[in-house]
Amino acid sequence: MSLPTLTKSSPARPRDPSGGPPLTLSIVRRPKAGQWIAAVVLLALLAAAVRSVVRNDAFQWGVVGEYFTSASVLRGLGLTLWLTALVMVLGFALGTLLAVMRLSDNPVLRAVSWGYVWLFRSMPILVQLLFWFNIGALYPQILGVSTVNLLDPITVAIIGLTLHEAAYAAEVVRGGILSVDRGQIEAAQALGLGRGRRWRRIVLPQAMRAIVPPAGNMLIGTLKGTSIVSVIAVADLLYSVQLVYHRTYQVIPLLLVATVWYVVVTSVLSVGQYYVERHYARGTETRR
């Protein structure tokens with residue numbers, strides 16, 4: 001005697017009374033009044049805040065417009081952008097080297113890389129800049145060369161920011177490399193691909209998916225972090241507006257000039273980061 005075969009059936013749909021095909025029911029979400037009320041209140045508060053900022057004469061928007069594209073401010077902005085780009089390139093170059101050392105089989109290289117990252121992530125960037133700015137007091141001579149006037153403020157800023165950036169870049173690159181499936185590297189080895197081709201064709205393209213988002217955040221953070229070099233008299237964007245308001249005593253509008261420029265540049269970098277992330281996300285299931 002054969003047993004009946006059980007099959008999994010889908011839930012029955014209601015039939016059309018006229019004998020037609022089954023009806024398709026659509027789910028209608030119940031409107032949530034609380035959410036709409038909260039949204040209206042939030043928009044009202046936001047509109048009130050914007051109105052107060054725009055119509056408050058204390059902000060002196062006319063002064064902001066006057067100095068927004070002035071020569072001194074644009075020179076400071078150019079130096080800020082140049083310093084940001086240079087520090088990011090040098091920081092990631094050194095950070096990549098440190099990441100490779102950290103992943104090495106050599107215990108000495110691993111220890112040196114770990115020690116570097118630990119030290120420079122533990123020190124505030126302002127303290128590092130002040131140490132380098134006063135290097136002449138710590139070491140009057142290095143290899144017979146006087147260090148008193150060896151490092152100008154811009155060089156000090158480049159050295160301090162690069163060493164600080166490299167510590168974080170090393171962890172970003174190391175995390176990206178570790179995100180690549182080890183089985184793919186072993187498969188490439190089995191196919192006889194050399195170490196260089198494995199890194200260029202397999203490891204780096206996949207690692208970039210994990211590296212680009214934090215690297216983009218680091219770029220934006222570095223752009224804003226360069227403002228700290230104003231304490232050692234580097235004529236960046238913030239220092240340039242400070243020179244103006246020390247002469248005119250128009251502190252608020254000049255700070256707004258720097259703020260608006262930082263917002264504009266950060267927004268442009270965020271858009272660029274979005275497209276770079278989308279480029280490296282090709283072929284994945286997650287799309288934004």
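The model you are looking at is predicted. The protein has eleven helices and two strands, and helix H11, which covers residues 251-280, turns up again and again below.

- Because its relative accessibility is 14%, Gln 273 counts as buried.
- Leaving aside residues up to four places away in sequence, Gln 273 touches Val 212, Pro 213, Gly 216, Asn 217 and Ile 220.

**The overall plan**

- Reading from the N terminus, the elements follow the order α-α-α-α-α-α-β-β-α-α-α-α-α.
- Of the 288 residues in the protein, 31% are buried.
- If you take the contacts between residues at least 6 apart in sequence, 71% of them join residues at least 24 apart.

**Annotated spans**

- An unreviewed UniProt entry places the feature "transmembrane region" at residues 36-54, 74-100, 112-133, 218-239 and 251-276.
- Residues 36-54 are 100% helix and 0% strand, with 27 Å between the end C-alpha atoms.
- Residues 74-100 are likewise 100% helix and 0% strand, and here the end C-alpha atoms are 39 Å apart.

**Helix H2 against helix H11**

- The axis of H2 (residues 61-68) comes within 8 Å of the axis of H11, and the two cross at roughly 60°.
- H2 and H11 are therefore oblique to each other, and the crossing is right-handed.
- On the H2 side, the residues that meet H11 are Trp 61, Val 63, Val 64, Tyr 67 and Phe 68.
- Their partners in H11 are Pro 253, Leu 254, Leu 256, Val 257, Val 260 and Trp 261.
- Sorted by class, this contact of H2 with H11 has eleven nonpolar residues, with no polar and no charged ones.

**Helix H10 against helix H11**

- H10 (residues 237-248) and H11 have axes that come within 8 Å and cross at roughly 165°.
- An angle over 145 degrees counts as roughly antiparallel, so H10 is roughly antiparallel to H11.
- The crossing of H10 with H11 is right-handed.
- H10 brings Leu 237, Leu 238, Val 241, Val 244, Tyr 245 and Thr 248 to the contact.
- H11 brings Val 251, Leu 254, Leu 255, Val 257, Ala 258, Trp 261 and Tyr 262.
- The contact of H10 with H11 holds twelve nonpolar residues, one polar residue and no charged residues.

**Helix H4 against helix H7**

- From H4, the contact uses Tyr 116, Val 117, Phe 120 and Arg 121.
- From H7, the contact uses Leu 163, His 164, Ala 166, Ala 167, Tyr 168, Ala 170 and Glu 171.
- In the contact of H4 with H7, eight residues are nonpolar, one is polar and two are charged.

How values were computed. Residues numbered from 1 in each chain as written. Predicted model: local features only at pLDDT ≥ 70, side-chain atom pairs only at ≥ 80, totals over all residues. Heavy atoms only, no water. UniProt positions renumbered as here; feature names shortened; annotations may be inferred. Helix = DSSP H or I, 4+ residues; strand = E, 2+ residues; numbered from the N terminus. Contact = heavy atoms within 4.5 Å. Nonpolar A, V, L, I, M, F, W, Y, C, P; charged D, E, K, R; others polar. Buried < 20%, exposed > 50% of the residue type's maximum accessible area, 1.4 Å probe, protein only. Axes fitted to C-alpha atoms, helices over the stretch in contact; angles between N-to-C directions. Parallel < 35°, antiparallel > 145°, perpendicular 65-115°, else oblique. Left-handed = near helix turned anticlockwise from the far one by under 90°.
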